[in-house]
Amino acid sequence: MRGAFYGDHPRQRLDVYAPARGAGDWPVLVFFYGGAWNSGCRRDYAWAARALAAQGFVVVMPDYRLHPEVVYPAFLEDAALAVRWAVKYAPRLGGNPARLSLSGHSAGAYIAAMLALDPSWLRGADVAPGAVKAFAGLSGPYAILPLDGPITTRTFGHVEDLPATQPTSFARADAPAAFLATGEDDHTVRPRNTRKLAKVLRAAGAVVEEQVYPGLDHAAPLLALSRPFRRKAPVLAQMTGFLRAKAG
């Protein structure tokens, strides 16, 4: 399925990729691409969606509104609406919304983490508490205070309650199981973001798998989902194995 609307705005559209074979009842995975909250198009990440679908997931790949048209929290509101769409319509494509996970890379990993950890976003979209069973973040910016760069300042600088914008503020024992991966050589979003979120989630009693891959930069954990780069790191197998096990 291509170009389904989950809202009225032209950017509120999504594509769905399903496994080529099987009887259905597949786990559902909503994947958010990155791009510093100001760029990106779902079609450019179709290869990632196909790779994940080939592992036995119904993959929902939404676009969302971007800066400068919007700032925080509009992209989280869009993401929550896309999850609501997935819960409602994935069964028609062989997906089981009771086996729901979220994932993303970079800014998309931030979106996935916020929706998974702060229940207010999905609640606001009329998604039942506990609907998300697991999430996976690749190279995510989860702990970006103080705002010290142009990207984070333009996106979050207007917010009065900045701690409420941080995934690390919402660690809890009953959080969805988390797979957090990053490259050791990521100089765009430093590995300390992944390490800090993993640390606070573990301290709260949540289930976490943390992977820091030697020699990988910011984009590499995402690129490792593709066939040409899978030899660089076992991201695809580890991430999908974790999500499949934790989503039921």
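Reader: Why is Arg-11 called buried?

Author: A word on the source before the answer: this is a predicted model. Arg-11 has a relative accessible area of 19%, and buried means under 20%, so Arg-11 counts as buried.

Reader: Where is Arg-11 placed, and which residues does Arg-11 touch?

Author: Arg-11 sits in the loop between β1 (4–5) and β2 (13–17). Not counting residues up to four places away in sequence, Arg-11 touches Tyr-6, Tyr-33, Gly-40, Asp-63, Tyr-64, Arg-65 and Leu-66.

Reader: What makes the pair of Arg-11 and Tyr-33 a polar contact?

Author: The side chains of Arg-11 and Tyr-33 are joined at 2.8 Å, and the cut-off for such a pair of N or O atoms is within 3.5 Å. A polar atom of the Arg-11 side chain also lies 3.1 Å from the backbone oxygen of Gly-40.

Reader: How do you know that Arg-65 is buried?

Author: By the value for that residue: Arg-65 has a relative accessible area of 19%, and is therefore buried, the limit being under 20%. Arg-65 belongs to the loop between β4 (58–62) and α2 (74–89). Its side chain makes a polar contact of 2.8 Å with the side chain of Asp-78. Leaving aside neighbours within four places in sequence, the contacts of Arg-65 include His-9, Arg-11, Gln-12 and Val-70.

Reader: What makes β5 largely enclosed by the rest of the structure?

Author: Strand β5 covers residues 95–105, and nine of its 11 residues are buried, so the strand is largely enclosed.

Reader: Which strands pair with β5, and in what sense?

Author: Strand β3 (residues 26–32) pairs with β5 in the parallel sense over seven bridges, and Val-28 stands opposite Leu-100 in β5. Strands β5 and β6 also run parallel, joined by six bridges; there the bridge partner of Leu-102 is Phe-135 in β6.

Reader: How do you know that the span of helix α6 agrees with what it should be?

Author: Helix α6 (residues 192–204) has 13 residues, and at 1.5 Å a residue they should span 18 Å; the end C-alpha atoms are 18 Å apart, so the two agree.

Reader: Which residues of α6 are buried, and why are they said to be on the same side?

Author: The buried residues of α6 are Asn-193, Thr-194, Leu-197, Ala-198 and Leu-201. They cover an arc of only 125° around the axis, and therefore lie on the same side of α6. An α-helix has 3.6 residues a turn, so residues three or four places apart point the same way. Among the elements covering the buried residues of α6 are α3 (107–117) and β7 (177–183). The face turned away from the buried side carries the exposed residues Arg-192, Lys-199 and Ala-203. Just after α6, Gly-205 takes a positive phi of about 100°.

Reader: What makes the buried residues of α8 a single side of the helix?

Author: In α8, the buried residues are Val-235, Leu-236, Met-239, Thr-240, Phe-242, Leu-243 and Ala-247. Their arc around the axis is only 155°, which puts them on the same side of α8. Ala-237 and Ala-245 are exposed on the other side of α8. Just after α8, Gly-248 takes a positive phi of about 90°.

Terms used: Residues numbered from 1 in each chain as written. Predicted model: local features only at pLDDT ≥ 70, side-chain atom pairs only at ≥ 80, totals over all residues. Heavy atoms only, no water. Helix = DSSP H or I, 4+ residues; strand = E, 2+ residues; numbered from the N terminus. Expected span 1.5 Å × (residues − 1). Buried < 20%, exposed > 50% of the residue type's maximum accessible area, 1.4 Å probe, protein only. Arc of directions from axis to C-beta. Contact = heavy atoms within 4.5 Å. Polar contact = N/O pair within 3.5 Å; in protein donor to acceptor, adjacent residues only side chain to side chain. Pairing = 2+ DSSP bridges.
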